[in-house]
Amino acid sequence: MTKNPLFYGVLLLVLAVFVTQCCFTVHQTQQALVLQLGDPLPEIYRPGLHFKLPFIQKVVYFDARVLDYAASSREAFTVDKKTIVLDNYARWRISDPLQFYRTMRTIPGAQARLDDVVYSQLRALVGAYTLTEVVSKERATIMARVTEKVSDLMKPYGVEVLDVRIKRTDLPTENQRSIFDRMRAERERQAKQYRSEGQEQATRIRSDADRQKALILAEANREAQVLYGQGDAQAAAVYAAAYSKAPEFYSYQRWLEALRKSFKENSKLVLDSQRPLLDLQK
């Protein structure tokens, strides 16, 4: 008896549907749960080929990799009443898919919960430090403590938090101008201080230079006067020696000098010949 080819076609179709409904594959980057009539079974399926009951069981896949979540920037207050804007991110993964499905259901829901928890812990810890400590000194300590606390809080949700990092800390926009003005005023104050100190040092250097100049000139004048005196003494000695050898010539020289000083250009004197000035016999 010859079978109808349609029968074989229907049989193959039924087998294909049965295989697709009974078999499922979990990728290396995934982990899976099987839901039976909407309720999750306790077994967690790792990468590989697995089987389930057709039609009454459904597979839900979860990412097994480490996930990154960048939180939105938010404001926080330090212990010294300074407002800063925190920009942070977290690295996490689904450690318990069954608990995660029961509490969070989806990754966006877990990220929303993670955002609230991270921000609350950051705000609490930042409020215990000053602005300088948050920016530099205690930044690593704050991130380590936030990671530990957030991981403990997220563990009941089947989430393991591996790391929480502060990417950047900024000042609020309304405070930046006042901070910049304060920084500018501080720089101007330092510049004025440097200028005043420079002027004071310049005045001191000029005063010292003037003092040294006065000492040098006084010493030079003293030496010049000594030299002038020595020259005059030597000249007087030479003149005395010369005049002692020829007294008549010395008298004649003094007479010529007196005439030269008395009869200048356009000078008029009325004297008789008996005056000593014109008496050539003397």
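Biologist: What share of the residues in the protein chain is buried?
Modeller: This is a predicted model. Buried residues account for 24% of the 282 residues in the protein chain.

Biologist: And how many helices and strands are there?
Modeller: The protein chain has 7 helices and 9 strands.

Biologist: What fraction of the contacts with a separation of 6 or more comes from residues 24 or more positions apart?
Modeller: Such residues supply 64% of those contacts in the protein chain.

Biologist: Which residues make the nonpolar surface patch?
Modeller: Leu13, Val17, Leu37, Leu53, Phe55 and Ile56 make a patch of about 640 Å².

Biologist: Where does Val17 lie?
Modeller: Val17 belongs to helix α1, which covers residues 5–22.

Biologist: A change of topic: in which sense do strands β7 and β8 pair?
Modeller: Strand β7 (residues 74–77) and strand β8 (residues 83–94) are antiparallel, with 4 bridges between them. One of the residues involved is Ala76, whose bridge partner in β8 is Ile84.

Biologist: And how many residues are there between β7 and β8?
Modeller: There are 5 residues between these two strands, which form a hairpin. In the turn, Lys81 has a positive phi of about 65 degrees.

How values were computed. Residues numbered from 1 in each chain as written. Predicted model: local features only at pLDDT ≥ 70, side-chain atom pairs only at ≥ 80, totals over all residues. Heavy atoms only, no water. Buried < 20%, exposed > 50% of the residue type's maximum accessible area, 1.4 Å probe, protein only. Contact = heavy atoms within 4.5 Å. Patch = residues over 30% accessible without salt bridge, like charges linked within 9 Å, V, L, I, M, F, W, Y side chains within 5 Å. Areas by Shrake-Rupley, 256 points an atom, 1.4 Å probe, with all protein chains shown as cover. Salt bridge = Lys/Arg side-chain N within 4 Å of Asp/Glu carboxyl O. Pairing = 2+ DSSP bridges.
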